[in-house]
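Please look at the model first.

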Amino acid sequence: MKRAAVLLCLCLSISQAWCQSTAKPVRFDFQSINVAQVLQLIYGEVLASPYVIDPDVLTDARAVSFRYSSEKGDIRAFLKTFLYSLGLAVETRNGIDFVTKLKPEEKAEPDTESFVYRPLHRDVHYIARLLSPLFKGGFAVNRSVATSQGSNANKPVPDGSAASVIDQTADALVFSGTGKEIDKLKKLLPQIDFALGEVVVRGVVYEVTTSDKDGSAFGLLASLLGGKLSIGIGSTTPIGSFVQFKNASLDGIYSALSQDSRFKVVSSPSLRIRSGDNGTFSVGQDVPVLGSVSYTSSGQAVQSVEYRSSGVIFNILPTVREGGIDLSIDQQLSNFIATTTGVNNSPTLTKRALKTSVGMQDGDLIVLGGLTENKDSGSRDGLSFLPKFLHTTGSEHSRSEILLVLQVQRI
C-alpha cells in the first residue's frame with residue numbers, strides 16, 4: 001500500500017510539473033483508494049496549501065473512486081463537492097483548509113398550537129382514546145390506563161402516583177399539535193361527538209302456572225291472544241323460548257293476559273336508559289350470608305358477613321344503532337330458604353335467571369321465557385275411619401314458568 005501511495009505521489013508530482021511547464025490540462029483517475037489517502041495526496045501534491053484533517057476523517061477507511069480533469073473546472077471546487085457527497089466539509093480559515101465531518105442537521109420542530117374543545121355529547125376520555133392513534137400531537141387527558149365509563153376518579157390525584165396514569169373526568173378536551181392536525185381534528189369531532197340514543201324499556205314479568213292439559217306457557221299465551229295481535233314466533237332452543245310481536249303495545253298484551261288468573265304479575269319495570277349504559281331494576285331484600293373466615297394474631301377466628309340481594313333483579317344494557325337496537329338482558333327471580341345441605345347457619349339462594357342478547361326494532365315487543373319449575377302433588381279423599389283402600393287418590397302435575405314481556409321504544 002505504501003508503494004502504491006509513493007507511485008501516486010510521483011504521478012501527481014509529474015502531472016503538476018507537466019502542467020506548469022507545458023500548460024496542458026491535469027488529469028488523474030483514482031480507483032479504490034480510501035478517503036484519507038485521497039486528501040493527503042491532493043493537498044500534499046496538487047494544491048500544495050496548508051491544511052488540517054480531522055482525526056475522525058483520517059480514520060475514514062471508505063474506498064472511493066473518481067476521475068478529474070482540470071478542463072472540467074477548478075480542483076478546489078471539485079474537491080469540496082466531492083467531499084460533501086461523502087459527508088465531509090472543507091472550511092477555510094486564515095488561509096488554512098480544515099477538513100471535518102459534517103454535523104448532522106437538526107430538524108426544526110414544527111410549530112405547535114393548542115386547541116380546546118368542549119364536548120357536547122360524548123365523554124372527553126372517550127374522544128381522546130378514539131382519536132389519539134390518528135395524530136402525532138397529544139391529548140392532555142389521554143392517560144395510560146383507561147377505565148370504564150362512570151368509574152373515573154372525581155378527586156385530584158398527586159403527580160407521579162399510580163392514580164395519575166388513570167383516566168380522570170374532565171369537561172374539556174385539550175389537544176396540542178400542528179395547524180394541519182388541528183384542522184383535521186375539527187373535521188372529525190362533529191362526526192364523533194354526536195348525541196347518544198336513548199330508549200324507554202317497559203316490561204312485565206309473569207309467573208304462569210299451567211297443568212298438563214294447558215301445555216306450555218307460550219302455547220297458552222298464543223291461544224289467549226289469538227288473532228288479536230300479529231305474532232312472529234322464533235326459537236332459540238328445540239322447544240322454543242322466544243316470541244316476537246309486530247305493531248303491538250305492551251298495554252294491549254297486559255290487558256289481554258290480566259283476564260286469566262294463571263298469569264300472575266311479579267313485577268313491571270319501566271326504565272329510561274342511554275345507549276351504552278346499564279339500567280337496573282331491583283325489588284327485594286339484602287340477606288346476610290356468612291362469608292370467609294380470617295384469624296387474628298392470637299388465633300381467634302373472625303367470621304365475615306356478606307349481603308346478597310334477592311327478589312326481582314332486572315338488568316338491561318341497550319345499544320342504539322342506526323338499523324336497530326341491541327339489548328343485553330339479565331333477569332333474576334330469587335329468594336333465600338333455610339339451608340338443608342351445605343354450610344350450616346347460612347341460607348341457600350334459590351333462583352331462576354335468564355340472560356340473553358337480542359336485536360329489536362323501534363317499538364318491537366318480545367316475550368322471553370324457558371324458566372320452568374315442575375311440581376307434583378298428590379291428594380287422598382275419603383272418610384278417616386274407612387280403610388285406605390276405600391279412599392280415592394289422585395295426583396296432579398303442575399308447571400310454573402317465568403315469562404318476560406319487553407317493549408323498547410327509541411326516544
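Helices (H or I, at least four residues) and strands (E, at least two) are DSSP runs, numbered from the N terminus. Two strands pair if DSSP finds at least two bridges between them. The model is predicted: local features need pLDDT of at least 70, side-chain atom pairs count only at pLDDT 80 or more, and totals for chains, interfaces and linings use all residues. Residues are numbered from 1 along each chain as its sequence is written, and side-chain values use heavy atoms, with hydrogens and water left out.

**Strand pairing**
- Strand 4 (residues 88-93) runs antiparallel to strand 5, joined by 6 bridges.
- Threonine 92 has aspartate 97 in strand 5 as its bridge partner.
- Strand 2 (residues 51-53) and strand 5 (residues 96-101) run parallel, with 3 bridges.
- Isoleucine 53 is bridged to valine 99 in strand 5.

**Nonpolar cores**
- A nonpolar core is a set of buried (under 20% relative accessible area, 1.4 Å probe, protein chains only) Ala, Val, Leu, Ile, Met, Phe, Trp, Tyr and Cys residues joined through side-chain atoms within 4.5 Å.
- The largest core has 23 residues; Phe30, Leu39 and Leu83 have the most contacts inside it.
- Helix 2 gives the most to this core, 7 residues.
- Another core, of 22 residues, lies apart from it and includes Val201 and Leu406.

**Strand 15**
- Valine 305 sits in strand 15 (residues 301-320).

Note on methods
Buried means under 20% relative accessible area, exposed over 50%, partly exposed in between (1.4 Å probe, protein chains only).
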